[in-house]
Amino acid sequence: MDKEQVVCRCTNVTIGDLVREIENGAKVFEDVQNTIKVGTRCKRCTMNVRDIFSKLIEL
Ligand code: FES
């Protein structure tokens with residue numbers, strides 16, 4: 001996965017940001033919604049980012 005890839009345009013969050021949050025203890029998607037606000041604005045990305053998060057957490 002390309003760590004520079006932006007997964008949420010509203011917040012400019014990248015795959016690398018999600019990986020960093022997981023390394024810092026994020027366990028469920030709601031954790032990153034709370035910390036870096038990904039997927040909390042227009043919400044168009046939410047399903048997709050939730051999917052990506054699930055894949056990353058399994059790595
Ligand atoms: S693109 Fe992610 S909340 Fe709008």
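Why are arginine 20 and aspartate 17 separated by about one helical turn? The two residues stand 3 positions apart in helix α1, and therefore about one helical turn lies between them. Helices here are DSSP runs of H or I with at least four residues, strands are runs of E with at least two, and both are numbered from the N terminus.

This is a predicted model, in which local features need pLDDT of at least 70, side-chain atom pairs count only at pLDDT 80 or more, and totals for chains, interfaces and linings use all residues. Residues are numbered from 1 along each chain as its sequence is written, and side-chain values use heavy atoms, with hydrogens and water left out.

## Salt bridges

A salt bridge is a side-chain nitrogen of Lys or Arg within 4 Å of a carboxyl oxygen of Asp or Glu. Side chains of opposite charge can pair when their charged atoms come close. A search of the whole structure finds 3 salt bridges, listed below.

| Salt bridge | N to O distance |
|---|---|
| arginine 20 and aspartate 17 | 3.2 Å |
| arginine 20 and glutamate 21 | 3.3 Å |
| glutamate 30 and arginine 50 | 3.4 Å |

Glutamate 30 belongs to helix α2 and arginine 50 to helix α3, so this pair ties together parts that are 20 residues apart in sequence. Shared partners in salt bridges join Asp17, Arg20 and Glu21 into one network.

The accessibility of these residues can be described with three words: buried means under 20% relative accessible area, exposed means over 50%, and partly exposed lies in between (1.4 Å probe, protein chains only). Arginine 20 is partly exposed, with a relative accessible area of 38%, whereas glutamate 21 counts as buried at 11%. Glutamate 30 is partly exposed at 36%, and arginine 50 is partly exposed at 36%.

## Helix α1 and aspartate 17

Helix α1 is mostly covered, with 7 of its 9 residues buried. These are Ile15, Gly16, Asp17, Leu18, Val19, Glu21 and Ile22. The buried residues of α1 pack against β1, β2 (13-14), α2 and α3. After α1 comes glycine 25, which has a positive phi near 115 degrees.

Aspartate 17 is found in this helix. A polar atom of the aspartate 17 side chain lies 2.8 Å from the backbone nitrogen of threonine 14. Such a polar contact is a pair of N or O atoms within 3.5 Å; within protein, one must be able to donate a hydrogen and the other to accept it, and residues adjacent in sequence count only if both atoms are side-chain atoms. Leaving out residues up to four places away in sequence, aspartate 17 also touches Asn12 and Ile36, where contact means heavy atoms within 4.5 Å.

## The nonpolar core

In soluble globular proteins, nonpolar side chains tend to be buried together. A nonpolar core is a set of buried Ala, Val, Leu, Ile, Met, Phe, Trp, Tyr and Cys residues joined through side-chain atoms within 4.5 Å. The largest such core has 17 residues, and those with the most contacts inside it are Val7, Val13, Leu18, Val32, Val38, Val49 and Leu56. At least two residues of this core come from each of β1 (6-8), α1 (15-23), α2 (29-36) and α3 (46-58). Apart from its neighbours within four places in sequence, valine 49 is in contact with Val7, Leu18, Phe29 and Val38.

## Phenylalanine 53 and the aromatic pair

Phenylalanine 53 lies in helix α3 and counts as buried, at 3% relative accessibility. Not counting residues up to four places away in sequence, phenylalanine 53 touches Ile22, Ala26, Lys27, Val28, Phe29 and Val32.

Rings of Phe, Tyr and Trp (its six-membered ring) pair if their centres lie within 6.5 Å; planes under 30 degrees apart count as stacked, over 60 as edge-to-face and the rest as tilted. By this rule the structure has 1 aromatic pair. The rings of phenylalanine 29 and phenylalanine 53 have centres 6.2 Å apart and planes at 65 degrees, so the pair is edge-to-face. The pair links distant parts of the chain, since phenylalanine 29 is in helix α2 and phenylalanine 53 in helix α3, 24 residues apart. Both phenylalanine 29 and phenylalanine 53 are buried.
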